[in-house]
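Student: Could we go through this structure together? I would like to begin with the pocket.

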There are 2 protein chains.
Amino acid sequence: MKPSIAVHGGSGTLPSSITDAKIRIMYLNALQEALDEGFNSLKSNASALEAVTKAVCILEDSELFNAGKGSVFTSKGDHEMDASLMDGKTLQAGAVAGIKGIRNPILFAKDILHNSDFVFLAGVEAIEFARQRGYKFLPQSYFYNQHRYDQWQELKGTGEVKLDHSHKDESTFGTVGAVAVDNDGNIAAATSTGGMTNKSWGRIGDSPLIGAGTYANNKTCAVSCTGYGEYFIRGVIAYDVSCRMEYGGVNLELAAENSVNNRLKNIGGEGGLIAVDAKGNISMPFNTEGMYRGMKNDRTSFTKIA
Amino acid sequence: MKPSIAVHGGSGTLPSSITDAKIRIMYLNALQEALDEGFNSLKSNASALEAVTKAVCILEDSELFNAGKGSVFTSKGDHEMDASLMDGKTLQAGAVAGIKGIRNPILFAKDILHNSDFVFLAGVEAIEFARQRGYKFLPQSYFYNQHRYDQWQELKGTGEVKLDHSHKDESTFGTVGAVAVDNDGNIAAATSTGGMTNKSWGRIGDSPLIGAGTYANNKTCAVSCTGYGEYFIRGVIAYDVSCRMEYGGVNLELAAENSVNNRLKNIGGEGGLIAVDAKGNISMPFNTEGMYRGMKNDRTSFTKIA
């Protein structure tokens, strides 16, 4: 079942608009486009790392998901993005947090993986580094989206004193990610997000954290998570799947299921993940109402929401 | 063996000054003070979380270690600090990165654990949050130290184009941490650091990352790491110890040894960790020349360097 790829576009409570078939098809088409892009590159002998990056770029460029172009508004009315990826062959990783103005944060994370001795860069100084490396900075208008703006207006001001994200809006439904195995049996994972609507205080979620939101190791699996970030951090969920396989000796399916429906659920966490192993097995468990997701290999291809 | 506490003050290549008995005693005394503070509070029925926080505060207040007062200089000549802690009873966690001007970053991390819905805050907005919560901001002079300044002068300018930390100075020797088990058998871990001398681009190391530099779970162990941060991130080392126990069924000693001398070493990582389990067993493996460390319970108490 090599090569093989899976993508997600977030998990959570389904927005009411999803009952509209036209809307559903828009989402499914975007997922399909990401799958096709990633899978085609795998068929042309691209590495898993390359394929997951390409798939995530497609999802970052869509305004449907909360990542890249579609990123939600922070409490200050701008867009802060986080991303990370990991190469299961080398165990190398790259991650960014609090990035503004860059079209594809996942490309910046990949740049860090390849071209720096560091793994994780954040904030204004990371943006300065991107500038020095020649990244183009897009105007705020590139990230503008009426729907996201309206979401923000609803929450604006509510979190100014207390850190509060009890308003579980659709923004949790939108982090994107991809996992893949290439022709050589190497695996990789990538995750990208625009965070939470009205987020403040420089909050960092699980998406840019290796072990929490993203992990890959040829010996076990590649994992990309989506959901309520704080619980994925406390559960170290991405690496938890890997450890269940490596130390517990269970297969991908059981490991992924237990991470989501035991480890995560037991601490009250909501969300899901996509995972692949070096043989091309894919698992996509979630404990929420839905998870935008899809997978593709030479035998099977599908996209799903609920 | 309850209550029990262990502390570390960093691992790495021993500085040449350590051959001086007076210098050695200064370090050992500082570790002892942290142990005493933490252990006394445990004996007075404080929680493990409280005890590790108190022990880390002592080490942050010492100018000997690269954390709090003794934090190294960044490429811009200021001091950016990272810290995190985790409660093994509740699996709650708090973490901060890129904090400036606050005397005890670990107290801020604890504040986040208790008083916010978020786990991890970073950068200028996190500093803004601290200001709103009434933290006192100290002048840069509080963090000034001639030795640290000289270390920075040696490196200043060298990393301005390339991300490069091939200069393995003593700054890797200085992250501090504590792990403890209290009378109730609850465990906790805390880690605090001033990062790397001349660090730039908003680099975040393992210290503030739950799973990488810090982890605690009553079912398994509490862990605080120290060393070359990027490798601890890629190895998800703190949680790796826990998973070896939980899924692999090995004891604390074997789990900690394997995490440091297999998982970490196999990817080229240098460093060490301190770990405790709910029964009060303590393990302190490292694969470097030395690790400032110590432990204390009702039967044993020691501090060591090499």
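Student: How many nonpolar, polar and charged residues are in the lining of the largest pocket?

Tutor: The lining of the largest pocket has 13 charged, 10 nonpolar and six polar residues. Here Ala, Val, Leu, Ile, Met, Phe, Trp, Tyr, Cys and Pro count as nonpolar, Asp, Glu, Lys and Arg as charged, and the others, Gly among them, as polar. This is a predicted model, in which local features need pLDDT of at least 70 and side-chain atom pairs count only at pLDDT 80 or more, while totals for chains, interfaces and linings use all residues. Residues are numbered from 1 along each chain as its sequence is written, chains are lettered from A and ligands numbered from 1 in the order in which they are written, and side-chain values use heavy atoms, without hydrogens and water.

Student: And how many residues of chain B are in contact with chain A?

Tutor: 49 residues of chain B are in contact with 49 residues of chain A (heavy atoms within 4.5 Å). In chain B, B:Phe118, B:Trp201 and B:Arg234 lose the most area to chain A, together 18% of what that side buries (accessible area lost, 1.4 Å probe).

Student: Which surface do the copies meet through?

Tutor: The copies meet through the same surface, because 100% of the interface residues of chain B are also interface residues in chain A.

Student: How many salt bridges are there across the interface?

Tutor: The rule finds four across the interface of chain B and chain A (a side-chain nitrogen of Lys or Arg within 4 Å of a carboxyl oxygen of Asp or Glu). A:Glu246 forms a salt bridge with B:Arg263, with the closest N and O atoms 2.5 Å apart.

Methods
Buried area is the accessible area (1.4 Å probe) that two parts lose on being put together, summed over both.
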